Amino acid sequence: MVFEPPKRLVRALGETAPDGDDWLEKLPEAAQQAVALRELTVERVQVPGGRSSLVLLVRTADGTPAVLKLAPGRARPEAERAALAHWGGRGAVQLLEPFTAEGVLLLERLHPDVSVRSLPEAKALLEAAGTLRRLWVEPPADFPFETVAERTGRQAEAMRARAQADPEVAPLVGLALAAREELLAAPPEHRLLHGTFRQSKVLSGERMPWLAVGPDPVVGECAFDLARLVRDRVEDLIAQPSGAATTRRRVKRLAESLDVDQERLRGWTLFRAVESGVRAGRVGRPRDAELLLEFAGWL
């Protein structure tokens, strides 16, 4: 079987490595080797799949449904493995192999085409928030994860550079950077976070109704993790005449339901929306950039 990477993956990796690398070129052979080593039977490549990995739906030698995931080093698959091992299936997909080849993960099979996003919006937010709460645990003592300060520090540098090149985004960037500085001055907690949590990252399972997948783990305060969920279905929010008011109510509702400080959630939501909008503009996704920056302006 030829393992052709989905177009979405090729496009996304082109954004994160504009000068290219040889990971995609080596991917078909690496996938063949990973399948053969584990004596797996491949059912299909998951399409459209993710933006940072090739996902294969497979069965193990004893017929157990599973997922084989291959990711380049810049997607931090070893950090994902460490986080999944620490959670041990509590709120997240389970590892079927704790230790394996670098960049390759064998995972419990969920229902890849059924995410929380398929539910009505209010129910989706409730289920997603409940899943996220289970992930917020103390990190391991010698954790191999970035901190929120480290990750957002890298992002802040790119935001400053973009603001210098595009004065139109400079005011929002300034507000976002000021919010970050204030938030980092006194972080209220030190938890293992999913890092890139949203409704599409919560899939239906057999072991539990909903489980999180695809973490890009980071250590810091819970409001940082929840901030990405606030803007879920941003295109629907923008289309509503009452989008700004709906967003403010969502911040309040999510903060109260998960015992997170509302102003800290608002601040991290602002920072993460501006960062994503600036990045979308930088890599040639102007429509996404416009939506995200309009959303950020409501905060």
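Modeller: Happy to! Helix 2 (residues 23-38) gives the largest share of the lining of the second largest pocket, eight residues. Helices here are DSSP runs of H or I with at least four residues, strands are E runs of at least two, and both are numbered from the N terminus. This is a predicted model: local features need pLDDT of at least 70, side-chain atom pairs count only at pLDDT 80 or more, and totals for chains, interfaces and linings use all residues. Residues are numbered from 1 along each chain as its sequence is written, and side-chain values use heavy atoms, with hydrogens and water left out.

Colleague: Which residues lie nearest the centre of the second largest pocket?

Modeller: Trp23, Ala30, Leu70, Glu102 and Val104, out of 17 lining residues. A pocket is an open set of points on a 1 Å grid over the protein atoms alone, where a 1.4 Å probe fits, with protein on both sides within 12 Å along at least five of seven lines; lining residues have an atom within 4 Å of a point.

Colleague: And what is the lining of the second largest pocket like by class?

Modeller: It has ten nonpolar, three polar and four charged residues. Asp, Glu, Lys and Arg count as charged, Ala, Val, Leu, Ile, Met, Phe, Trp, Tyr, Cys and Pro as nonpolar, and the others, Gly among them, as polar.

Colleague: Switching topic: how many residues of strand 4 are buried?

Modeller: Five of the five in strand 4 (residues 104-108), so the strand is mostly covered. Buried means under 20% relative accessible area, exposed over 50%, and partly exposed in between, with a 1.4 Å probe and protein chains only.

Colleague: In what sense do strand 3 and strand 4 pair?

Modeller: Antiparallel, over five bridges, with strand 3 covering residues 65-70. Lys69 stands opposite Leu105 in strand 4. Two strands pair if DSSP finds at least two bridges between them.

Colleague: Now Thr196: where is it found?

Modeller: In the loop between strand 7 (191-193) and strand 8. Thr196 is buried, with a relative accessible area of 17%. Its side chain is joined to that of Arg198 by a polar contact of 2.8 Å. A polar contact is a pair of N or O atoms within 3.5 Å; within protein, one must be able to donate a hydrogen and the other to accept it, and residues adjacent in sequence count only if both atoms are side-chain atoms.

Colleague: And Ser204, buried or exposed?

Modeller: Buried, at a relative accessible area of 15%. Ser204 is found in strand 8 (residues 202-204).
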